[in-house]
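Colleague: I have just opened my first protein model. Could you show me how to read a few of its features?

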Amino acid sequence: MSIATFTDLLRKPKEVLAHIDEGQVRITRRDGDDLVILRGHDLDVLENGIALSSRLIRAIGRNKGDVVAALTDLFAWAGEFTPGELAAYAAEIEQLVYAASELGTFERLLRAQQEWQETAVAYAMGMRLVEPIELPAAPVRVERP
């Protein structure tokens, strides 16, 4: 986080705001609380991450620590997963939600949640996992590829 004074912001706004791509900029003021300038995307991630974390932690608490039950309670689309996939989803989200809440960084949690939701959408559309393709050990020449 970059730090500048309110006077710096008024006198040299381009110089102060040039640091916004590096992260938040704290503006200190003599006569009031500090201000923080951040990108809209960062604010969206923060707000959405806090909202998701709050929902998850409350649901985990309601379900007495059973993360699988919490996820199926919160997200009906989690019913698209096999028991093994649901366990993997629960393990990943549980690790991420507590880490994100402690660190105040929610990008990985939101990305993981989005990816699991997209997988559920694909399953709902009839797509399923396919077996890995086995490639020949040696190249095979074909006449008409």
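Modeller: Happy to; we will look at a helix, a pocket and a residue in a later segment. Keep in mind that this is a predicted model.

Colleague: Which residues of H3 are buried?

Modeller: Start with the general idea: an α-helix has 3.6 residues a turn, so residues three or four places apart point the same way. In H3, the buried residues are Asp-42, Val-45, Gly-49, Leu-52, Ser-53, Leu-56, Ala-59 and Ile-60. Their cover includes helix H4 (67-74), helix H5 (83-103) and helix H6 (107-124).

Colleague: What follows H3?

Modeller: Lys-64 does, and its phi is positive, near 55°.

Colleague: Now for pockets. Which residues line the largest pocket?

Modeller: Rolling a probe the size of a water molecule over the atoms shows where empty space is left. Here the largest pocket holds about 200 Å³. Its lining includes Gly-23, Gln-24, Phe-106 and Glu-107. By type, the lining has three nonpolar, four polar and two charged residues.

Colleague: Is Pro-136 buried or exposed?

Modeller: Pro-136 lies in the segment after H6. It counts as exposed because its relative accessibility is 53%, and the cut-off is over 50%. Its C-alpha atom is 51 Å from that of Arg-58, 78 residues away along the chain.

Definitions and conventions. Residues are numbered from 1 along each chain as its sequence is written. This is a predicted model: local features need pLDDT of at least 70, side-chain atom pairs count only at pLDDT 80 or more; totals for chains, interfaces and linings use all residues. Side-chain values use heavy atoms; hydrogens and water are left out. Buried means under 20% relative accessible area, exposed over 50%, partly exposed in between (1.4 Å probe, protein chains only). Helices (H or I, at least four residues) and strands (E, at least two) are DSSP runs, numbered from the N terminus. Contact means heavy atoms within 4.5 Å. On a 1 Å grid over the protein atoms alone, a cavity is a set of points where a 1.4 Å probe fits but cannot get out, and a pocket is an open set with protein on both sides within 12 Å along at least five of seven lines; lining residues have an atom within 4 Å of a point. Grid points are joined across faces, edges and corners, and a volume is the space filled by probe spheres set on the points. Ala, Val, Leu, Ile, Met, Phe, Trp, Tyr, Cys and Pro count as nonpolar, Asp, Glu, Lys and Arg as charged, and the others, Gly among them, as polar.
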